[in-house]
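This briefing is meant to be read beside the coordinates.

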Amino acid sequence: MNSIAKFCALLCLLVSPVFISYLHAENDVLGEIELVGASKVENTSGVWIDGQYIGYLGELKGSKKLLLLPGEHQITVRQGGYVDFAQKVSVRAGQKQIIPVKMEKDLDVTLPRITAEIKLDVKPNRAAVFVDGVFIGHIAEFTGIGKALLVQPGKRRITISLPGYQTFETDIELVANQKTTIKTELPQGGPAEGTPLPH
């Protein structure tokens with residue numbers, strides 16, 4: 001069979017009703033949720049679906065768009081110093097829903113006046129950062145010149161997590177104005193589900 005005949009045979013297969021209905025059925029199985037953030041605060045906030053961390057809001061588009069099975073799902077968007085945004089959604093097969101996300105400052109949170117500084121040199125830079133179980137942001141926010149994670153001095157537990165990678169955890173003791181660096185590369189092969197939503 002020459003190349004033109006092969007191409008024609010492939011084209012016939014691709015436009016056959018069986019193949020088209022298969023593609024259509026595949027697209028109709030999942031529903032899409034698009035979370036739209038109003039500012040940098042929302043776009044850098046962590047997103048949990050049904051209690052599992054999946055990434056930060058600003059990256060959940062294109063090839064990482066949020067596709068969910070039909071049914072009820074709980075969406076939680078979290079950022080240190082802000083009140084959680086939480087919403088139940090009813091996902092329908094083949095349909096897209098746009099959900100605007102607005103984070104409100106948590107007035108009960110006071111930032112420490114005396115801090116210690118942690119430089120984060122971690123790959124991949126999409127990973128979530130938790131300090132003492134509280135989501136603070138993702139690695140990319142704390143890397144580069146003039147950027148660091150400021151924490152209250154004392155004993156701190158740092159957790160770095162991303163679905164599909166092994167979680168990194170360490171305890172560090174920091175004194176006022178101390179500067180330290182955490183450098184690691186998360187090995188692939190961790191659980192596909194993300195870090196459970198801390199309470």
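The notes below begin with conventions and then go topic by topic.

The model is predicted, so that local features need pLDDT of at least 70 and side-chain atom pairs count only at pLDDT 80 or more, while totals for chains, interfaces and linings use all residues. Residues are numbered from 1 along each chain as its sequence is written, and side-chain values use heavy atoms, with hydrogens and water left out.

**Salt bridges**

- Taking a salt bridge as a side-chain nitrogen of Lys or Arg within 4 Å of a carboxyl oxygen of Asp or Glu, the count comes to eight.
- Glu 32 and Lys 96 form one of these, with the closest N and O atoms 3.9 Å apart; because Glu 32 lies in strand 1 (residues 31-37) and Lys 96 in strand 8 (residues 96-101), the pair ties together parts that are 64 residues apart in sequence.
- Lys 96 also forms a salt bridge with Glu 34, where the closest N and O atoms are 2.9 Å apart, and this pair ties strand 8 to strand 1 across 62 residues in sequence.
- With buried meaning under 20% relative accessible area, exposed over 50% and partly exposed in between (1.4 Å probe, protein chains only), Glu 32 is buried at 17%, whereas Lys 96 is partly exposed at 48% and Glu 34 is partly exposed at 27%.
- The side chains of Lys 183 and Asp 121 meet in a further salt bridge of 3.7 Å, N to O, which links strand 16 (residues 179-185) with strand 10 (residues 116-123).
- Lys 183 is exposed at 66% relative accessible area, and Asp 121 is partly exposed at 34%.

- Strands are DSSP runs of E with at least two residues, numbered from the N terminus, and two strands pair if DSSP finds at least two bridges between them.
- Four strands form an open, antiparallel sheet in the order 12-11-14-15, in which strand 12 (134-138) and strand 15 (168-174) are the edge strands, each pairing on one side only.
- Four bridges join strand 11 (residues 128-131) to strand 14, and the bridge partner of Val 131 in strand 14 is Ile 158.

**Thr 159**

- Thr 159 is found in strand 14 (residues 154-161) and is buried, with a relative accessible area of 10%.
- The side chains of Thr 159 and Glu 169 are joined by a polar contact of 3.2 Å, a polar contact being a pair of N or O atoms within 3.5 Å; within protein, one must be able to donate a hydrogen and the other to accept it, and residues adjacent in sequence count only if both atoms are side-chain atoms.
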